[in-house]
Amino acid sequence: METLLLLYLLGLALAAAAAYFFFGSFVLGAGYQPTPARVARRMVELAQVGPHDEVLDLGAGTGGLVFLCAAQGADVTGVEVEPLRFLFLRLRRSLSPYRARVRIVRENMFRTDLRRATVVVVFLWPGAMERLKPKFETELPPGARVVSYWHPVPGWTPDQEDPPLRVYLYVKKEAPVTGEN
Ligand SMILES: C[S@@+](CC[C@H](N)C(=O)[O-])C[C@H]1O[C@@H](n2cnc3c(N)ncnc32)[C@H](O)[C@@H]1O
């Protein structure tokens with residue numbers, strides 16, 4: 001009877017830990033789910049990530065996209081708010097051959113300065129995309145690429161997309177020249 005109770009409590013604790021890990025950050029923008037490797041490769045290919053890029057992964061999770069972009073020669077910053085994933089990312093960075101090109105920051109991505117990014121990679125929930133859109137519009141430099149898995153940037157027309165994989169690529173346009181400029 002005591003063993004049963006112990007097993008029950010252990011199961012409960014494991015379920016609570018898993019729920020926290022996957023859904024704890026939901027209120028801040030997105031729960032955790034890694035981008036599948038095949039999709040990540042397609043995102044990198046569509047955005048043509050290369051050695052001259054400054055990549056930001058907003059909501060870096062466990063780093064699949066971060067280290068893939070670094071492997072292309074880019075400088076990459078992974079922004080993650082959830083402490084366990086942040087610690088995992090730091091550990092993964094310290095073991096990575098690309099560590100010199102990777103920065104991991106614990107930060108709320110809605111406060112991240114996007115002005116130096118040439119590429120932004122995201123796999124987030126629609127509400128987060130809606131909140132990030134004005135930041136993309138005001139902070140990203142012309143020519144910057146935003147590549148998103150699963151959810152498009154609301155109201156934007158993709159420059160390229162891969163519908164079966166649900167990958168959307170946007171290239172930030174130059175601000176229109178008006179008489180006031
Ligand atoms: C769906 S996962 C994507 C992980 C990774 N980018 C990938 O594609 O494999 C979303 C990640 O965003 C993180 N996240 C959610 N809200 C955030 C916020 N406000 N600031 C930073 N990270 C956030 C979550 O903790 C989670 O790890």
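## A ligand shell, a helix and a core

Sorted by class, the residues in the shell around the ligand are 12 nonpolar, 8 polar and 4 charged. This is a predicted model, so keep that in mind as you look around. There are 24 residues around the ligand, and the ones that come nearest are Ser25, Gly29, Thr35, Gly59 and Gly61. Two elements, α3 (64–71) and β2 (75–80), each supply at least two residues of that shell.

Now for helix α4, residues 83–95. With 13 residues at 1.5 Å a residue, α4 should span 18 Å, and its end C-alpha atoms are 19 Å apart, which agrees.

Which residues of α4 are buried? They are Arg85, Leu89 and Arg93. Look down the axis of α4 and these buried residues fall within an arc of 80°, so they line one face of the helix.

| Side of α4 | Residues |
|---|---|
| Buried | Arg85, Leu89, Arg93 |
| Exposed, turned away from the buried side | Pro83, Leu91, Ser94, Leu95 |

And what do the buried residues of α4 pack against? Their partners are β2 and β3 (102–106).

Finally, the largest nonpolar core has 43 residues, and Met43, Cys69, Val119, Val120 and Val121 touch the most other members. The element giving the most to this core is α3, with 6 residues. Zoom in on valine 119: leaving aside neighbours within four places in sequence, its contacts are Ala47, Val49, Asp53, Val55, Ala144, Arg145 and Val147.

How values were computed
Residues are numbered from 1 along each chain as its sequence is written. This is a predicted model: local features need pLDDT of at least 70, side-chain atom pairs count only at pLDDT 80 or more; totals for chains, interfaces and linings use all residues. A residue is near a molecule or strand if its C-beta atom, placed from the backbone, lies within 6 Å of it. Helices (H or I, at least four residues) and strands (E, at least two) are DSSP runs, numbered from the N terminus. Ala, Val, Leu, Ile, Met, Phe, Trp, Tyr, Cys and Pro count as nonpolar, Asp, Glu, Lys and Arg as charged, and the others, Gly among them, as polar. The expected span of a helix is 1.5 Å times one less than its number of residues. A residue is buried if 20 or more other C-beta atoms lie within 10 Å of its own, exposed if 12 or fewer, and partly exposed in between; C-beta atoms are placed from the backbone. The arc is that of the directions from the helix axis to the C-beta atoms. Two residues are in contact if their C-beta atoms, placed from the backbone, lie within 7 Å. A nonpolar core is a set of buried Ala, Val, Leu, Ile, Met, Phe, Trp, Tyr and Cys residues joined through C-beta atoms within 7 Å.
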